[in-house]
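Keep the viewer open as you read.

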Amino acid sequence: MFMAYQWRSELRVFHIYINGSSLTFTPHLLAMLSEDQISKRVTIVSTRLPASPVFPTGNIHTTTSTQPVLTTSWPVQAVCKNHFREEYRKKQNYLCSRPLGRLGNVMFVYASSYGIATYNNRTLIMDTGFMLTNYFNLNVQLVDDFECVIKGTKGLDARHDCAFDESLMHIAKGENVCFQSYLQSYKYFEHVQDSIKKQFTFKKDINDKAVDIINGAINTFHKRNATVKDTRPVLVGVHVRRGDMVKNSFGYAVATPEYLGNASKYYRDKYPNTLFIVCSNGMTWTKKHFVGDDVFYVEGNTFDVDLAVLVNCDHSLTTVGSFSWWAGFLAGGEVVYYQWPAVEKSGLRRHFSADYTDFFPPRWIGMK
């Protein structure tokens with residue numbers, strides 16, 4: 001029986017007994033299964049490590065290790081239901097991706113995979129059940145029986161989760177490849193950013209809900225400020241990330257009250273007729289530290305509607321996390337961001353570039 005180890009510095013090491021197909025992930029080395037090994041089943045056993053940092057719930061930490069990674073999501077049948085498998089094996093010019101995490105993380109995975117595929121003249125394919133299709137109309141080939149179709153594919157991984165890896169823009173021709181990495185750098189897709197922004201336009205039902213919320217916020221603002229009743233306020237979308245980032249051992253930093261005060265002052269000074277529209281997963285804390293007659297709190301909605309609200313604003317005040325990042329990027333106006341999203345010398349800090357410039361675009365304004 002063949003045994004493979006998932007080489008990642010996270011809470012769990014998965015011992016995968018390969019009795020079935022597997023996707024092969026190698027940051028720098030190639031590890032392929034033989035046809036004999038592919039013909040059997042998969043059993044996964046979990047072993048805990050005593051003190052390894054992890055991403056917050058819903059995320060899986062990647063590594064800079066050069067050790068091979070063999071992993072699989074679930075057992076797949078020996079014969080694919082989708083005959084596209086034959087074309088996939090014959091063409092050898094596809095790029096597939098298996099997203100990690102929640103909405104903001106998955107948006108990075110898709111945007112970067114799309115950018116890398118386009119740059120390398122490859123066709124991007126994703127699973128038919130890809131979650132982003134619930135919210136956006138994407139320019140991607142969706143594939144049924146995805147796990148079976150891609151089995152045996154060579155895997156590639158970025159050296160760092162939140163920094164640009166130039167080598168991924170120059171993939172050798174002649175074989176299909178697949179990503180299972182966070183790919184959180186705008187540099188992977190800045191050459192196709194107009195297309196990404198177009199693809200990340202929310203579907204009409206979601207956007208309509210967001211517009212209704214914003215119109216309600218403007219009406220409330222006019223009632224509070226009668227002197228500007230006939231003037232549309234400058235909308236600043238505010239996202240305050242708290243929740244699982246407040247107490248963590250991996251190195252996430254959360255924005256301070258001082259930062260929120262400095263960032264809001266910047267906008268208030270520049271745009272006297274400002275309306276802050278606030279979304280947060282820690283609203284109790286936020287209501288104590290972000291207040292004013294020019295503040296409207298958005299509560300009780302799904303995460304996709306919250307993001308659509310923020311995207312419909314003129315400018316952005318972000319804190320930490322990928323959800324905040326996308327709110328700023330897609331809104332398209334000025335973006336003020338929390339300057340230090342990771343604790344120095346932490347596990348998370350190692351995944352960013354030295355000056356964070358692979359993660360934050362140069363025109364954004366960092367504050368503390």
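This is a predicted model: local features need pLDDT of at least 70, side-chain atom pairs count only at pLDDT 80 or more; totals for chains, interfaces and linings use all residues.

The protein has 368 residues, and 55% of them count as buried. Its secondary structure comprises 10 helices and 16 strands. Among contacts with a separation of 6 or more, 73% are between residues 24 or more positions apart.

**Helix α3 against helix α10**

- Helix α3 spans residues 103-119 and helix α10 spans residues 322-331; their axes come within 7 Å and cross at roughly 60 degrees.
- Because of that angle, α3 counts as oblique to α10.
- The crossing of α3 past α10 is left-handed.
- On the α3 side, the residues involved are Leu103, Gly104, Asn105, Met107, Phe108 and Ala111. They meet Ser322, Phe323, Trp325, Trp326 and Leu330 on the α10 side.
- By residue class, this contact of α3 with α10 has eight nonpolar residues, three polar ones and no charged ones.

- How much of helix α9 is buried? Eight of the nine residues in this helix (303-311) are buried, so that α9 is mostly covered by the under 20% cut-off.
- The buried set consists of Asp304, Val305, Asp306, Leu307, Ala308, Val309, Leu310 and Val311.

**Helix α9 against helix α10**

- The α9 and α10 axes come within 8 Å, crossing at roughly 40 degrees.
- This pair is therefore oblique as well.
- Here α9 passes α10 in a right-handed crossing.
- From α9, the contact uses Phe303, Asp306, Leu307, Leu310 and Val311. From α10, it uses Phe323, Trp326, Ala327, Leu330 and Ala331.
- The residues of the α9 contact with α10 divide into nine nonpolar, no polar and one charged.

- Thr319 sits in the loop that lies between β14 (315-317) and α10.
- Is Thr319 buried or exposed? Its relative accessibility is 2%, so Thr319 counts as buried.
- The Thr319 side chain reaches the backbone oxygen of His239 at 2.9 Å.
- Beyond its neighbours within four places in sequence, Thr319 is in contact with His239, Val240, Arg241, Ala255, Tyr259, Leu260, Ser324 and Tyr338.

**Ile116, in helix α3**

- Ile116 belongs to helix α3, and its relative accessible area of 0% makes this residue buried.
- Which residues does Ile116 touch, not counting those up to four places away in sequence? They are Leu95, Leu168, Met169, Ile171, Phe179 and Tyr188.
- How far apart are the C-alpha atoms of Ile116 and His170? They are separated by 8.6 Å, while the two residues lie 54 residues apart along the chain.

Technical notes:
Residues are numbered from 1 along each chain as its sequence is written. Side-chain values use heavy atoms; hydrogens and water are left out. Axes are lines fitted to C-alpha atoms, for helices over the stretch in contact, and angles run from 0 to 180 degrees between N-to-C directions. Helices (H or I, at least four residues) and strands (E, at least two) are DSSP runs, numbered from the N terminus. Angles under 35 degrees count as roughly parallel, over 145 as roughly antiparallel, 65 to 115 as roughly perpendicular and the rest as oblique. A crossing is left-handed if the near helix is turned anticlockwise from the far one by less than a right angle, and right-handed if clockwise. Contact means heavy atoms within 4.5 Å. Ala, Val, Leu, Ile, Met, Phe, Trp, Tyr, Cys and Pro count as nonpolar, Asp, Glu, Lys and Arg as charged, and the others, Gly among them, as polar. Buried means under 20% relative accessible area, exposed over 50%, partly exposed in between (1.4 Å probe, protein chains only). A polar contact is a pair of N or O atoms within 3.5 Å; within protein, one must be able to donate a hydrogen and the other to accept it, and residues adjacent in sequence count only if both atoms are side-chain atoms.
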